[in-house]
Amino acid sequence: MNLDVTVPLDSQAEAAKLVPTATEDSLPRRFADFATLGDALDYAATGRRGLNFHDARGNLVRPYPFSELRQDALHQAYRLIEAGVKPQDRIALIAETGAEFASLFFGVIYAGAWPVPLPLPTSFGGAQSYIDQLRVQLDSCDPSMLIYPPEIGAMCAEAARLSDVAGVDWSEFGSRSAAEVVLPKADTTDIAYLQYSSGSTRFPHGVAITHNALLNNLAAHSHGMQLVETDRCISWLPWYHDMGLVGCFLSIVANQVSTDYLKTEDFARRPLAWLDLISRNGGTTLSYSPTFGYDICARRMSSQTRASDRFDLSRWRVAGNGADMIRPDVMQSFVDAFADAGFKATAFLPSYGLAEATLAVSIMPPGEGIIVELVEETQLSGGSHRAGRPQRFRAIVNCGKPVRDMEVEIREEDGTPLPEKAIGKVWCRGPSVMVGYFRDAESTDACMKDGWLDTGDMGYISEGYVYIVGRAKDMIIVNGRNHWPQDIEWAVEQLPGFKQGDIAAFAITTPGGEETPAVLVQCRTSDEKERVRLRDEIRERVRSVTGMNCVIELVPPRTLPRTSSGKLSRAKARNLYLNGEIKPYDIAA
């Protein structure tokens, strides 16, 4: 669903009249050293930089200087206060990439309330699924208003009605007049916003982030990426996910970086438009993507086409990678596809973070690229190598060093710190760690202790660098051995005809009461004999990784659920499968 927030231009000639905001500026750059997010926009608005929104083909449709954003945000704040909004009220906003959401987000900040970005509908699940998701998140954050794009007004209005929340489309809200009033003054320790993690649909956790925590992490971004005057950000990441919202919207305001945006749905249709935008950037480029974004672009390049005929990626200084497991094979494929267009492997900047730490926990120093360590599988599974058995290794990607002011520890299950290179739970502590989950003390206490946050991830530290192995809650434990679902999924992906996102591995309990891995695989063939052959081939491949006979189920394409950020949701896939909502093909034994 394409939700354009600007009137389409009639011609390329008319588009050419628009001038993007400046890359460089005489305004001295401040690295997010502000007391509040409102102060950050006040300062950025005195310069020439800003946001720039593009259509699906990468044509500029609206330059939006920070000065204009600030003026619009102040008017939004006056409208909110006129509507009865008070400090600490929650205002739910559908996070469509565009000027309306940007001005509303900062308008809520200026009004002293807490913006709560909520996702757009995905291409699967249908209207009722989206309404249900919104209802759960609305019930969790208890907002006084839900403001949404008119294009999806019917679904949003229904969710608001069912949750007894005032709903209004932002076109109508933006047309309201309101008198200028004195705005409340925020304190640096006040909560700035609530962020819902991408997978929080059934049991949502609203992460409460203060102004101080946010700005501390945003300063860490600028220092970690070593910002320079010629840097310009290019992004297609959704603003309802922490990497898009914090890393590519709030950070560029607080660090005064002009940014060019594609909508996420436009990237999904035309991923190479992202690289076209980077090619047209006259400065140096900062641009982030999860692994799957690089994968899509590499796959779209024809083996008959030279990337240099279309792209110039020589000025791509920081090619950030995060938000999912970083796959070195995918990164190499991207280099192979775009090296002749000037892309340098050293531009890759792996990182690790999560919403509960505002965003960044570790960032690779620029220029070091992708570094991997080979870890023997028995170390990952908590066992010891048996003599006579062939050794198997997995490549673990270096996710960089802890960002400024952040401490990272690896701990045993009981909290005992582990030495270097020992795999355990990843804990972090620093000024940017969340206050807690909104109105959920039990969940907060379960993951925080003495200022330390249990990230829920497994990893280790080697020579000061952080290596992430996987999610602790995703681990499949059978007969005392640990199996990472990523390893099983990756093994199946190596078979012809499958790709990342086609496979979901998780643990189930058999009718006999035993734990065993189940593997759901999206299958595109309708031939019964071919399905039998594929199932048997997959079973043998999984047995080679786990040493066990696993439950293999072939399911129709587009069956496996994803989070709002596009990542495979194993937990949801497991629940849907166990509840009978995912129906595998009926294949003869």
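This is a short tour of the structure, stop by stop.

The model is predicted: local features need pLDDT of at least 70, side-chain atom pairs count only at pLDDT 80 or more, and totals for chains, interfaces and linings use all residues. Residues are numbered from 1 along each chain as its sequence is written, and side-chain values use heavy atoms, leaving out hydrogens and water.

**Stop 1: the sheet**

Select β3, β4, β5 and β6. Helices (H or I, at least four residues) and strands (E, at least two) are DSSP runs, numbered from the N terminus. The four strands make an open sheet, ordered β4-β3-β5-β6, with parallel pairing. Two strands pair if DSSP finds at least two bridges between them. β4 (114-118) and β6 (166-169) are the edge strands; each has a single partner strand, so one side of each lacks a neighbour in the sheet. From one strand to the next, the twist averages 25°.

Zoom in on β3 (residues 90-94). Five bridges join β3 to β4. I94 has L118 of β4 as its bridge partner.

Angles run from 0 to 180 degrees between N-to-C directions, and axes are lines fitted to C-alpha atoms, for helices over the stretch in contact.

**Stop 2: crossing helices**

Select α8 (residues 211-225) and α9 (residues 242-254). Their axes come within 10 Å and cross at roughly 90°. The two helices are therefore roughly perpendicular (65 to 115 degrees). Show side chains L214, L215, L218 and H221 of α8, then V246, G247, L250, S251 and A254 of α9; these make the contact (heavy atoms within 4.5 Å).

**Stop 3: helix α12**

Select residues 291-300, helix α12. Seven of its 10 residues are buried (under 20% relative accessible area, 1.4 Å probe, protein chains only). They are T291, F292, G293, Y294, D295, C297 and A298. Their cover includes α10 (264-269), α11 (272-280), β11 (284-289), β12 (316-321), α13 (328-338) and β13 (348-353).

Centre on D295. Its relative accessible area is 11%. Leaving aside neighbours within four places in sequence, D295 contacts V330 and Q500.

**Stop 4: the cores**

Select F105, F249, W274, L275 and F338. Of the 160 residues in the largest nonpolar core, these touch the most other members. Such a core is a set of buried Ala, Val, Leu, Ile, Met, Phe, Trp, Tyr and Cys residues joined through side-chain atoms within 4.5 Å. Beyond four places in sequence, the contacts of F338 include C297 and A298. Another core, of 20 residues, lies apart; V492, L534, V545 and L554 are among them.

Definitions and conventions. Buried means under 20% relative accessible area, exposed over 50%, partly exposed in between (1.4 Å probe, protein chains only). Angles under 35 degrees count as roughly parallel, over 145 as roughly antiparallel, 65 to 115 as roughly perpendicular and the rest as oblique.
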